[in-house]
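Here are my notes on the model, as numbered points. Please read them with the structure open.

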Amino acid sequence: MPNLSTSTPSVREAAFRFRCIACGDLNDNASQNFRCRQCGDLLEITYRGWKKAEPEARNLKGSWRQRRLSQSAVDQSGVWRFREVLPALVGDAEVITLREGNTPLYELPQCARITGVPRLFAKHQGLNPTGSFKDAGMTVAATFARLSGFRWVACASTGNTSASMAAYAARGGMRSLVLVPEGKISWSKLSQALDYGAVTCQLRTDFDGCLRLLQELVLRAPVYQLNSINPFRLEGQKTLALELLEQLDWQPPDHIIVPGGNLGNSSAIGKALVEMSDLGLISHLPKLSVIQAEGANALVRTLREAAGKRLISVQAETRATAVRIGNPASWKKAVHVLEATSGACEQVTEIEIAQAKAEIGAEGIGCEPASAVTLAGLKKLVKQCFVKPEETVVLVLTGNLLKDPDFTMGFHRGDLFKGSADEGASAALNGLRRPPIVLDATLEAVIRTLEQAEK
Ligand code: F0G
């Protein structure tokens, strides 16, 4: 493919450093576990001299848009076309890309009616190459893993990170090691990791146990960790917000609502918003709100019971297995972005998640259960008058409908809540169910069914 990269950057490529989010210690290098050498807290990537670059920064909007017309892989990537606000690559290093990003922003007319918020949109990150938002972070972190000379990359995962990591490792000629909780992730996600060639270990623990083990492993073996503790992941995931703002012609929405699990994505989106504001690319900050499943509500409890000062871990349990996380690694970063953007944090029940997922599906879009917490959460935020009817709201749908067919089939067949405490209450959702109908193969039977459905 000819290299037609439109790389005339208007702002210097970003020279970066690692900064500890707690003690502020600055470093040019990060340790294997991406923790501060002084105090052990998480690191973030910072850039020098951005505020001064403000007038030049305005030209970026044009360059970023123009790159979409290019045939070069780095320009076609919805992540790397924003490369001036990403860590700079050295020399002519090649990126590992599956042309991630560039995901659509959809109107949600039916959900808008249900919630009473007419200007309601969904940014569908489930339409990334491996079916989740993880790809935007993985292209950056996998590229830097290879640049650092690693042969092995590894992650702990509830499924999507492992699918994404395995794909990018394979594309980049690296081996990958996946640690997932046994029996608690969907087959679709597990099958992706297998197909992309990962060494996949199902550990007899939960996600939090897998992540703890990985943190020890990276200190003992030459493997590069690709969880969202890795700050390169969050830099890539920032581009979700840039792309969204571009799609809204740089008029910030009033609210962005995102699911919260390990809390990397909310942290990344919030960081992007603050940086765009610093660069003068947007006039004001949208409120970024995080929604959690009630059974995995560590951030909700941390804010309500400890005023965001110390983490309150929980024993996580939810059918939205992607966010079945009780000890979120990036909780401090998430608290910080909630404060910076004046966002809210809410929790939603299993029934509310199932209902919202079916409502998004009925729009012809669909998403996985963890993504549907956003719509369920919006309903609560409207009730609390935190979101007003005249405001513009964007829900971030993080994963594809096909990521968890068991949940969808269970819902429509009516067995999702069977035998659980929610069984009685779930009857209220019967109107949303569309179970498959088994018929004799006769014209009459099909016509009768059609007539029945018309009633
Ligand atoms: N939605 C989906 C579909 C996810 O897969 C995840 C996280 C989240 C939301 C939460 O995002 O962790 O950044 O707050 N999945 C991880 C994984 C943890 O291993 O795939 P977060």
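1. Helices (H or I, at least four residues) and strands (E, at least two) are DSSP runs, numbered from the N terminus. Residues are numbered from 1 along each chain as its sequence is written. The model is a predicted one: local features need pLDDT of at least 70, side-chain atom pairs count only at pLDDT 80 or more, and totals for chains, interfaces and linings use all residues.

2. Six strands make an open sheet of mixed pairing, in the order 4-5-13-10-11-12. Two strands are taken to pair if DSSP finds at least two bridges between them. Strand 4 (105-107) and strand 12 (345-348) are at the edges with a single partner strand each, so one side of each has no neighbour in the sheet. From one strand to the next the twist averages 25 degrees. Angles run from 0 to 180 degrees between N-to-C directions, and axes are lines fitted to C-alpha atoms, for helices over the stretch in contact.

3. At one end of that order, strand 11 (residues 287-293) runs parallel to strand 12 and is joined to it by four bridges. Ile-291 has Glu-346 of strand 12 as its bridge partner. Helix 13 (residues 331-341) packs on the sheet, where it touches strand 11 and strand 12, and its direction makes about 140 degrees with that of strand 11. Helix 12 (residues 298-306) also lies across strand 11 and strand 12, at about 130 degrees to strand 12.

4. Which residues of helix 13 are buried? They are Trp-331, Lys-333, Ala-334, Val-335, Val-337, Leu-338 and Thr-341. Burial is a count of other C-beta atoms, placed from the backbone, within 10 Å of a residue's own: 20 or more is buried, 12 or fewer exposed, and in between partly exposed. The buried residues of helix 13 pack against helix 11, strand 11, helix 12 and strand 12. Contact here requires that the C-beta atoms of two residues, placed from the backbone, lie within 7 Å.

5. Most residues other than glycine have a negative phi, and most peptide bonds are trans. Asp-249, in the loop between helix 10 (239-247) and strand 10 (255-259), has a positive phi near 55 degrees. Asp-249 counts as exposed because 7 other C-beta atoms lie within 10 Å. Cys-385 is not a glycine either, yet its phi is positive at about 65 degrees. Cys-385 sits in the loop between helix 15 and strand 13 (393-397), and is exposed, with 8 other C-beta atoms within 10 Å.

6. The ligand has 22 residues around it, of which Ser-157, Gly-261, Asn-262, Thr-398 and Gly-399 come nearest. A residue is near a molecule if its C-beta atom, placed from the backbone, lies within 6 Å of it. Helix 6 (160-171), helix 11 (264-278) and helix 15 (369-383) are the elements that give two or more residues to this shell. Helix 11 contributes the largest share, three residues. By class the shell holds five nonpolar residues, 16 polar and one charged. Ala, Val, Leu, Ile, Met, Phe, Trp, Tyr, Cys and Pro count as nonpolar, Asp, Glu, Lys and Arg as charged, and the others, Gly among them, as polar.

7. A separate point concerns a parallel pair. Strand 7 (residues 175-181) pairs with strand 8 (residues 199-203) in the parallel sense over five bridges. Leu-177 has Val-199 of strand 8 as its bridge partner. With helix 7 (residues 187-195), these two strands make a right-handed β-α-β unit; right-handed means that, with the strands pointing away from the viewer, the path from the first strand over the helix to the second runs clockwise.

8. Three strands form an open antiparallel sheet in the order 2-1-3, with strand 2 and strand 3 as edge strands that pair on one side only. Strand 1 (residues 16-20) pairs with strand 3 over five bridges, and Cys-20 has Leu-43 of strand 3 as its bridge partner. Arg-19 belongs to strand 1 and is partly exposed, with 18 C-beta neighbours inside 10 Å. Beyond four places in sequence, Arg-19 is in contact with Gly-24, Leu-26, Leu-43, Glu-44 and Thr-46.

9. Cys-39 lies in the loop between strand 2 (26-27) and strand 3 (43-47). Cys-39 and Cys-20 are 19 residues apart in sequence, and their C-alpha atoms are 8.3 Å apart.
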